[in-house]
Structure formats: structure tokens, C-alpha cells
Amino acid sequence: MAINLELPRKLKASAEMSHQGAAEIFRPISRKYDLAEHEYPKELDTIAALYDGLADAGQAPSAASGDRKKGEGEDKPKPVDVTAGSRNGGTMESIINAIEMCWGDTGLMLAFPYQGLGNAAIAAVATDEQLERFGKVWASMAITEPSFGSDSAAVTATAVRDGDEWVINGTKIFVTSGSRADHIVVWASVDRSAGRAAIKSFVVPREHPGVTVARLEHKLGIRASDTAEIRFEDCRVPFENILGSPEVNVEKGFAGVMQTFDNTRPLVAAMAIGCARASLEELRTVLEDAGIVIDYDAPVNTLPHAAAEFIRLESDWEAAYQLTLKSGWMADNKLPNSMNASMAKAKAGRVGSDVTLKAVELAGALGYSERTLLEKWARDSKILDIFEGTQQIQQLIIARRHLDLTSSQLK
């Protein structure tokens, strides 16, 4: 069976549109908002208005919405018959556009209105009625707490039902776009005694009684994106704001909310791929200007060290790219992609850090200076190997899937 690795025409057109925005809007202001941390990039409003118009016409590329999935409690769709032709849907489009936008600037991509990671969570588990209500909001995602990082099952925030409302209490940290997005997808437990099975996600307006943006973080990279600590104190939201089913299914665990990561991990992998590609392109220019020839036909042991390293980095990048596309394709074709999403995230996160740091090293003083964006891309890429599950967490998930072990059997 032949495998065609070329992008279909539909995705190429979408990628070209995103690339144009990244080249003409993101790149020129990249350094400006890296230095002006916490200042909202007003230039994004222009491109956001353009995307809104395209969305109304059904032509807008999406960075974080992913493909439509059934919510908890609804019948799961059957896998597509791939012998009759595969499908490239919203997840693949999100991946391709995230690559292009992060080629421009990762922090600005994360700051882009209406493209928050919370939107991917809504796309993953919302019911049709909820998608109608929340499908066009700008949603951040609040998972991490002061007491835990990578172990999402350790959520201590609570959501207690009181009549037709949920009362949410807890503190969330490292919330991307937490002070700018108009809604927040919050992870909280509806029954602490039931363990991880009781962890659910809720949609909460940011401008709402009981919601306080406590502070903004000063960060190594992605400085154009705000990262907030948010406190929920007796915050009341309608009962219908719980994403998916409110029932606690001990046998199922918290697979419903974890389904969110099947959408977001390929997206974060795509961000790392875009940032790394920018570094590779700039590094090639630097090396060629220095007279170093990157000869793909010559034996590696005959090449200058910098050229050999470049080829190694480029081949590693290609592997991460293909893994990421596969995980997105699987999602669009309704195939279980949890392990593949983790494989893509692990590989791309590691490759992103390797490529961008090595590019700074090989470019020498030029790479370390602010005369190029190489040092900025190295700073930006580090978070992409950490958030949405660290490198170590991804490897643990992959091992569990390969060995067919549960989280309690392999920790």
C-alpha cells in the first residue's frame, strides 16, 4: 500500500494563509512583545477580525479547536473505513496551522484570541448543546495547582453541586491566557472520596463572581503570552457548565477529561515543530553565509561538524513531524490516538529543545546575541517539552500502552 506524505490541497491552502499571517504580522513584532512582557499584542486584533470573517464563511484555519468529538455519555462514532479513503479534518488543520503560526512566534500564537487550549478541551468533550453555547468563546485551560504539576489525577479543586449550580473552590497556576481569555475550562473534583473518576471539567466565565486573577508569571520564554494564577472562591456556575456527563464512573476513571489531551498534545507537538523549523531555516542561512556546504549526498564523516549536525537535526525534525501528523490523522479518522499523541508530544518536545539549543550553539556569538531570533526560539521551545505533560509523563503513558498496564501498575 502506497503512502502519500504530501499535504492535500485543502490543508496547503490553509497552511499558506497561516504562514502569511505569521510572516507579516507575528515575525515583525516578535521581539517587541518578548521584551514587553504582559503587554497585550494589539496587532493580533487585526488578524483575529480577519479570522472571524473567514470563520463566518466557513474558511478559517483553526489553531486549537481540533475535530468535533462526541461528549461523555453520547454514543462514540465508529472509526472511518480507511479502505474507502481517509479523512483530514479539524485536528489535522489545527496541527498544520499551529506549525505555521509558531514558525512566526510561539508566544503570539498562544496569545491569539479565540484559539486557547481550553477551546480544544471544549471540542474534545462538549455535548452538542454545549458546543452551541461555548463554541465561539476564547477559553483558557486551568489544570495545574500549587500542590502538583504533571499528575493531573491529583486535582484538589472541588466543584460541589448546590441545586442547579456548581460551587467551585481552588487555586490554579500556570494558566495560559488566564488574564485575557473570556472563559476558563477548570478541572475540579465533584467527589474527593471517589478519586480520579470524579475529576470533571467546567466552563467558567473569567469576569465572574468568585474568580480572581491573582498574579501573572514572569517567564523564560513565550513572554508574549500571559500565564496566570487564578483563584476560585465560592464561584457559582450553572449546572449545565460541566463538560460532558456529571456522572462519576469509577470503572471508566477520568478518561473523559483526559480525552482533552488527545486533542491538545498533538497541537503542542505542532508548536514545537514550528518553532524548531524556524531555527533550522535560520541556522541554514547562518551556515551557508559562513561558507559551510550542507551536502546530502556526501558521507557524513566527510562533512564539517556543523553540516553533519544540521543533517542530524533535520532528520530528527522530520520524524517528529511525521509522528505528529499521524496522531492528528488518527483523531480525524476516529481511531484511538492516546499513545500516538503522547509519542508525538514526547518526540517533538525533545526535538524542539535539541534543535533550537543546538542552533544557538552552532551559530556561535550570532546565535547567542539578539541580532537574530535564535536565542528567543531556544527560550520559547523549552516550555513545549513541559506543558500538556512533561517528557517523562509522555514516556510513562507510552510504556503503559505498550505493556498494557494501568496507571496503578506502572507509576
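## Helix α1

In this predicted model, the buried residues of helix α1 are Leu11, Ser14, Ala15, Ser18, Gly21, Ala22, Phe26, Ile29, Ser30, Arg31, Tyr33 and Asp34. An α-helix has 3.6 residues a turn, so residues three or four places apart point the same way.

The helix runs over residues 9-35, and its 27 residues reach 38 Å from the first C-alpha to the last, which is close to the 39 Å expected at 1.5 Å a residue. Along the way, α1 bends by about 45° at Phe26, a residue that is followed within four residues by a proline, Pro28.

## Glu100 in helix α3

Glu100 belongs to helix α3, which covers residues 90-104. Because its relative accessible area is 10%, below the 20% cut-off, Glu100 counts as buried.

When its neighbours within four places in sequence are left aside, Glu100 is in contact with Ala15, Ser18, His19, Ala22 and Arg277.

## Lys172 in strand β3

Where does Lys172 lie? Lys172 is found in strand β3, made up of residues 165-176, and with a relative accessibility of 0% it counts as buried. The side chain of Lys172 reaches the backbone oxygen of Trp187 at a distance of 2.8 Å.

Not counting residues up to four places away in sequence, Lys172 touches Ala142, Ile143, Thr144, Glu145, Val155, Ala157, Val186, Trp187, Ala228, Glu229, Ile230 and Phe232. Trp187, whose backbone oxygen the side chain of Lys172 reaches, is therefore one of the residues in contact with Lys172, since contact means heavy atoms within 4.5 Å.

Notes: Residues numbered from 1 in each chain as written. Predicted model: local features only at pLDDT ≥ 70, side-chain atom pairs only at ≥ 80, totals over all residues. Heavy atoms only, no water. Helix = DSSP H or I, 4+ residues; strand = E, 2+ residues; numbered from the N terminus. Buried < 20%, exposed > 50% of the residue type's maximum accessible area, 1.4 Å probe, protein only. Polar contact = N/O pair within 3.5 Å; in protein donor to acceptor, adjacent residues only side chain to side chain. Expected span 1.5 Å × (residues − 1). Bend = angle between axes of the 7 residues up to and from the residue.
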